[in-house]
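I went through the model one piece at a time and jotted down what I looked up.

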Amino acid sequence: MGKAIKQREGAVMILGGGIAGIQAALDMTELGYYVYLVEKAPAVGGVMAQLDKTFPTNDCSL
Amino acid sequence: MVTNADLLALEGKPGNFTAKLNIRPRYIDADACTACGLCTQYCPKHHSDPYNEGLSITRPIHIDYAQAVPATYYIDPSSCMHIQHNTCQICVPVCQSHAINFNQKPESRDLKIGAVILSPGFGKIAEETLEKFSYGKHPDVVTAYEYERMTTASGPFLGEIKCFSDGRHPKSMAFIQCVGSRDLGCDNGYCSSVCCMYSIKEALVTKEHDPEVDITVYYMDIRTQGKDFDAARERAEAIGIKFVRAKVADVTPWDNHLKLTYSTLDGQHKFDAHDMVILSVGLESPKDAKSISNITKIDLNKYDFCKTETFTPLQTSQDGIIVAGAFQGPKDIPESATQSSGAAVLASTVLKKERGKGTISKEYPAELAVTDDDEVRIGVFVCHCGINISSVVDCPDVAEDAGKMDNVTYYTENLYSCSQDAQEQIKKTIKDQKLNRVVIAACSPRTHEPLFQETLKDAGLNRNLFEMVNIRDQCSWVHANEPEEATDKSKDLVRMAVSKAAHIQPLPEQTVPVTPKALILGGGVAGMTAALSLADQGFESVLVEKSSAIGGNLKKLKNTLAGDTVGGFTKQLTTKVKKSSMIDVVTDATLAQTSGFIGNFSSVIESGKGKRKKEQTFDHGVIVVATGGHEHRPDLYQLGKSKKVVTQQELETKLAGRAKNRAPNSIVMIQCAGSRGEDLNYCSKVCCNHAMKNILKIKEINPESQIIVLYRDIRTYGFAEDAYLEARKKGVVFIPYEVDRKPVVTSKGTKVQVDFFDSIMQEEVSMTPDLVTLSVGIVPDGTEELSKMLKLPVTANGFFLEAHVKLRPVEAAVDGIYICGLAHAPKPVEETIVQAQAAAAKAAMPLVKGFVTVDPIVSSVQQDDCIGCGICVSLCPYGAIQMEKIGKKRKAKTVSASCKACGICASHCPTFAISMGGFTNEQLVSQIEAFGNKTRKEKVKV
């Protein structure tokens, strides 16, 4: 059975905490909603956190 | 944020879902863990490090990387000796903060939510697919992911590239494209859309490491169709990276080399030896795609990606469930980020009644008052940036040097100043050491200044009591081969910043209210979608269309590649816009003038013709630029001279008509007509798909029609690759041509003759087809004038430039202005819709908030010193300085909210009466003096 936690109105669940999920989470908070960012790994970041530089500007990816 | 969690079930309906989660134990109490890393040092068991693609060894108890969020270690149960064999537990007494807890159990949790955004990313290509390239059999065959970790300075080999077989530095490397993509052998018919870009990036990075290394990229088509992506390919070719159009059959070990067998277009089989082979592996659907589909009941497409439709690209088959990122189809970072913003606007529409009910706004501690009478206490933090800085610059030396300066009461180094634990440490230090000025020497303020300023605010300091020194870009990167000089320069820069810091003052934050209305320029699909999305959020907009009716390019399109008819969608969209009470449509209209700033713009719109011409003024808070583009008409290949030469758009119109000969028996199509280096220096992204769409239509009408496509690279990226395959199955012949051997089209009376070199048969061909169709590319509409009026930068190709290519893809450099559609870059309708939704999401943010914060770095006039000459007023490009009468004298005054802090006024004031917040004369002079002052008195480290 689910642990009783304080439920929030106006909440969205985002499944996956890679660059897409993180960006969506940031935008949803800016638009005034509570976000549950659900990630299966121990940390968010996804594949982008593994990249060194990004195309085509070779900016740091972290 | 819920990590280590799996979705078990989802029930309910839009607005009222319940999600059941299973949260796996970390075995470490997240609140207690300080991320000190002692546990990893003591853990005796080896564990292959997934973060480094298994190329290095870590321990079962570890953290993936220093900047990981949450910054908490975890135990991987699969290899922990205690969890597996009930032994060990060495870590438990080692942990000083008693954070390790083996009694943690999986926890189930129910979430009540109104909407769901699916962004599970992508999966990896199965290893069986890689076997024919000797992956797993020979250590010097690596995937591009592994290679990415190998080249990374913070990776397992500190950026040194070595062959695994014998440790030598590879002198000859091969990239094999389309591994696991465009490959029916593994049922992945689609193109992964990103591999060409990352391979070019990795090849360029390799050349930076070792300019002598020989690199060959084996490819079928180079698909650098994104905005300004072709330029990177040209850069790669210019520095000697070779591109060979060939299909690689296999890779076999050969001495200590690897032998590639490949066949080229003209049917020859060739061999080549390389030291290292990198497999450009594609993106699979995520591993848990099927389970997500079962739980959420969404439909998948035939490749197990999320199924969506052309005109609703982010909507899954279930209401209230939205998709974003690579799960919707393989895509790169900017497009994922754009989709996420678009998804946010859709989710927000589902939830709009609940807006603001569940959020908590962040609160900062009261700001510490810092006055001139207070003792100046400067803290200096020198960041190693992993080894990005410290491998060149002697960071301890730089820190110690700063420590000797006056007013510096504390100095230290950080491995990563931006990591969460370092941030906490900096906050603590500010309080403990009673610091009132902070200098951080690290990477670029462009990316990290806001983060550190936030840290100051959290610690109760005004965010302007901060100076950032860029010793990465300006020292360790540019002087990578001169470590001593780089260190000296770092010291100079830090010394200058410290001198300046002693004079910096807190600057007050200001807020101004926002007019909750948008101005949307352009009534095509981008503008209309943006207006409707904003209306869904509850915001009014004025939609300005220069022609007499809204609809834009949509009106010219008949059907989509996926087979949908465009007409119905266009009608539905235009009707919705016209009927909406939130959207004020002004046609035959242009923007005549705009003034103001984010939240408070005022624009004059000229509309109507002749006697009906009128001017209206609108106040609005944001601007969405969706001015679109149109088909380019190059003066090439007899276009406009022969009736038998048409563009793809003209052909589309023809095919949708009823003329009997609309799909003639023999057609030659020429791709990139005028694009990629002729009139237009870029790829227009849509032409290949447009050609496929017309080809399939022709074949539908007249299966006998013989079609030859002359191309440079076929760029049917993503799932459009299916259409390319379909066209080939239907007998269409595709022949590539080289830039220096372009086809020639000549008019012979009423006939038209095409001469070209057939690179497959290796012979010159001359033919007189019934029709020649040109893929001509897209040019933007009127960006030049608008760029002057709105002060928006454009790219060399005339498209509007976004604020940040990856992280802010729809925002303009000017606050409060957003870009979408063809005005940003050529793109298909599906991507335009997403971008318009994303622009609406970003535009809605200040409107939702209701106020904007003005950057405190603005100019200010010392009115006592002002002589009222008015030079500043005439020079200010933003109209941000006004004259006011004080007594009998005229004095200048800054309108802070309009000021962009460019400094023109301050630099021209003859009496030095104007100073810039954060850049006063006193501060700059002390900074310059510090540059020449290398001798300092000795000080003891605190």
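**Strand pairing**

I count two strands as paired if DSSP finds at least two bridges between them. Helices (H or I, at least four residues) and strands (E, at least two) are DSSP runs, numbered from the N terminus. This is a predicted model, where local features need pLDDT of at least 70, side-chain atom pairs count only at pLDDT 80 or more, and totals for chains, interfaces and linings use all residues. Residues are numbered from 1 along each chain as its sequence is written, while chains are lettered from A and ligands numbered from 1 in the order in which they are written.

**Two hairpins in chain B**

I began with β14(B) and strand β15 (residues 269-274) of chain B, which pair in the antiparallel sense over six bridges. Across that pairing I found B:Thr261 opposite B:Phe271. The hairpin has four residues between the strands, and B:Gly267 there has a positive phi near 85 degrees.

On to the partner hairpin. Strand β13 (residues 242-254) of chain B runs antiparallel to β14 (residues 257-264) of chain B, with eight bridges joining them. I noted B:Lys247 facing B:Ser263 in β14(B). Two residues sit between β13(B) and β14(B), and B:Asp255 in the turn has a positive phi of about 55 degrees.

Most residues other than glycine have a negative phi, and most peptide bonds are trans. I therefore wrote down any exceptions I came across. B:Asn4 is not a glycine, yet has a positive phi of about 60 degrees; this residue lies in the segment before β1 (5-13) of chain B. The peptide bond between B:Val69 and B:Pro70 is cis, with omega about -5 degrees. I located B:Pro70 in the loop between β5 (61-62) and β6 (74-75) of chain B.

**The open sheet**

In what order do the five strands of the open sheet come? I read β32-β39-β33-β34-β35 (chain B), with parallel pairing. The edge strands, each pairing on one side only, are β32 (645-647) and β35 (733-736) of chain B. Neighbouring strands are turned by 25 degrees against each other on average, direction ignored. Helix α17 (residues 648-656) of chain B packs on this sheet, touching β32 and β39 (771-774) of chain B, and its direction makes about 95 degrees with that of β32(B). For these angles, axes are lines fitted to C-alpha atoms, for helices over the stretch in contact, and angles run from 0 to 180 degrees between N-to-C directions. Contact is set by C-beta atoms, placed from the backbone, lying within 7 Å.

I also checked one pair within the sheet. Strand β34 (residues 706-711) of chain B runs parallel to β35(B), with four bridges joining them, and B:Ile708 stands opposite B:Val733.

**Helix pairs**

Helix α15 (residues 525-536) and helix α21 (residues 829-849), both of chain B, pack at about 40 degrees with axes 8 Å apart. α15(B) and α21(B) are therefore oblique to each other (under 35 degrees counts as roughly parallel, over 145 as roughly antiparallel, 65 to 115 as roughly perpendicular and the rest as oblique). The contact of α15(B) with α21(B) has 11 nonpolar, five polar and no charged residues.

α18(B) passes α19(B) in a left-handed crossing. B:Met692, B:Ile695 and B:Leu696 in α18(B) meet B:Ala723, B:Tyr724, B:Glu726 and B:Ala727 in α19(B). That contact has six nonpolar, no polar and one charged residues.

**Where chain B meets chain A**

How many residues does each chain put into the contact? I got 72 from chain B and 53 from chain A. Helix α9 (residues 333-351) of chain B gives the most to chain B's side, with 11 residues. That side divides into 38 nonpolar, 18 polar and 16 charged. Strands cross over too: β1 (residues 11-15) of chain A runs parallel to β8 (residues 115-118) of chain B, with four bridges joining them. The bridge partner of A:Ile14 in β8(B) is B:Ile117.

Note on methods:
Ala, Val, Leu, Ile, Met, Phe, Trp, Tyr, Cys and Pro count as nonpolar, Asp, Glu, Lys and Arg as charged, and the others, Gly among them, as polar. Two residues are in contact if their C-beta atoms, placed from the backbone, lie within 7 Å. A crossing is left-handed if the near helix is turned anticlockwise from the far one by less than a right angle, and right-handed if clockwise.
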